[in-house]
Amino acid sequence: MPSAFAEEERLRIIEQLLDTATHLFSTQGLRKTSLEELTAPAGIAKSSLYAFFDSKEDLYFEALLRQSEQVRRRVIDEGLNRGADTRDALRRFLRATVAELDSNPLYRRLMSHPQEMAAVTAKLTPERMAAATDGPMADVLQFLSTHLKDDPQVLLGVLRAVLLTPLHADHLGTEIYPAVMNRLIDAVTEGITP
């Protein structure tokens with residue numbers, strides 16, 4: 001069956017859907033974002049979304065994947081992989097990830113609303129999910145398993161706990177938050193490395 005959209009038009013629509021989805025999912029979340037809000041800027045009917053993505057969750061997932069390589073470059077390549085030693089590498093990773101959470105609203109939304117990622121993954125096929133198994137956290141897990149003796153899953157949990165702190169910056173006080181984060185990152189990385 002021939003496509004209802006010419007290839008150039010398909011590419012334009014996909015790009016518009018991804019841009020709109022990134023903005024709306026970042027600000028409103030998955031559940032509060034309607035199909036109408038997603039499709040109107042692209043100039044397509046709500047039902048036409050399914051000509052491009054299997055579901056609203058699939059669109060959300062694709063928006064995440066689109067940013068994945070940039071995030072990996074910033075937090076892994078320019079953070080974790082540039083450390084002089086294990087402790088320095090983890091400090092760089094945490095600081096780069098905190099900066100990412102401060103500047104990337106979609107990743108911040110996922111950190112503050114983990115149920116959204118659960119809703120997204122529940123709707124995806126295992127084949128589709130395989131596209132995300134190679135994300136930045138997989139790199140960190142691999143690093144932890146090769147550089148430290150403790151259970152890498154537990155250590156990853158400790159690092160994730162640190163990354164919840166930026167969600168409470170207002171409660172800590174915006175004027176002292178940077179100093180608190182620096183001290184917390186130093187204390188945690190010193191505590192888990194030899």
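## Salt bridges within and between helices

Arginine 92 and aspartate 88 are joined through their side chains by a salt bridge, with 3.0 Å from N to O. Both residues belong to helix 4 (residues 86-103), where they sit four residues apart, about one turn of the helix. Arginine 92 has a relative accessibility of 36% and therefore counts as partly exposed. Aspartate 88, at 21%, is also classed as partly exposed. The model is a predicted one.

In total, the structure contains 15 salt bridges. One of them links the side chains of glutamate 62 and arginine 128, at 2.6 Å from N to O. Because glutamate 62 is in helix 3 (residues 56-77) and arginine 128 is in helix 7 (residues 126-129), this pair ties together parts of the chain that are 66 residues apart in sequence. Glutamate 62 is partly exposed, with 23% relative accessibility, and arginine 128 is partly exposed at 21%.

## A buried bridge and a network

Glutamate 116 and arginine 109 also form a salt bridge, and their closest N and O atoms are 2.6 Å apart. Here both partners, glutamate 116 and arginine 109, are buried; the cut-off for that class is under 20% relative accessible area.

Salt bridges also occur as a network, which links Arg91, Arg95, Asp186 and Glu190.

## The annotated region and the aromatic pairs

According to the UniProt annotation, in an unreviewed entry, residues 34-53 are a "DNA-binding region". In the model, this span is 25% helix and 0% strand, and its end C-alpha atoms are 15 Å apart.

Two aromatic pairs are found in the whole structure. In one, phenylalanine 5 and phenylalanine 52 have ring centres 5.1 Å apart and planes at 50 degrees, so the pair is tilted. Phenylalanine 5 is in the segment before helix 1 (7-27), while phenylalanine 52 is in the loop between helix 2 (35-39) and helix 3, so the contact ties together parts 47 residues apart in sequence. Phenylalanine 52 has 11% relative accessibility and so counts as buried.

Phenylalanine 25 and tyrosine 60 form a stacked aromatic pair, with 4.5 Å centre to centre and 25 degrees between the planes. Since phenylalanine 25 lies in helix 1 and tyrosine 60 in helix 3, this pair ties together parts that are 35 residues apart in sequence. Both phenylalanine 25 and tyrosine 60 are buried.

In soluble globular proteins, nonpolar side chains tend to be buried together. The largest nonpolar core in this model has 26 residues, and the members that touch the most others are Leu80, Leu90, Phe93, Leu94, Val140, Leu144 and Leu159. Two or more residues of this core come from each of helix 3, helix 4, helix 8 (136-147), helix 9 (152-162) and helix 11 (177-192). Helix 4 supplies the largest share, seven residues.

Which residues does leucine 94 contact, leaving aside its neighbours within four places in sequence? They are Leu159, Val162, Leu163, Ile185 and Thr189.

Definitions and conventions:
Residues are numbered from 1 along each chain as its sequence is written. This is a predicted model: local features need pLDDT of at least 70, side-chain atom pairs count only at pLDDT 80 or more; totals for chains, interfaces and linings use all residues. Side-chain values use heavy atoms; hydrogens and water are left out. A salt bridge is a side-chain nitrogen of Lys or Arg within 4 Å of a carboxyl oxygen of Asp or Glu. Buried means under 20% relative accessible area, exposed over 50%, partly exposed in between (1.4 Å probe, protein chains only). UniProt positions are given in the numbering used here, feature names are shortened, and annotations may be inferred rather than shown by experiment. Rings of Phe, Tyr and Trp (its six-membered ring) pair if their centres lie within 6.5 Å; planes under 30 degrees apart count as stacked, over 60 as edge-to-face and the rest as tilted. A nonpolar core is a set of buried Ala, Val, Leu, Ile, Met, Phe, Trp, Tyr and Cys residues joined through side-chain atoms within 4.5 Å. Contact means heavy atoms within 4.5 Å.
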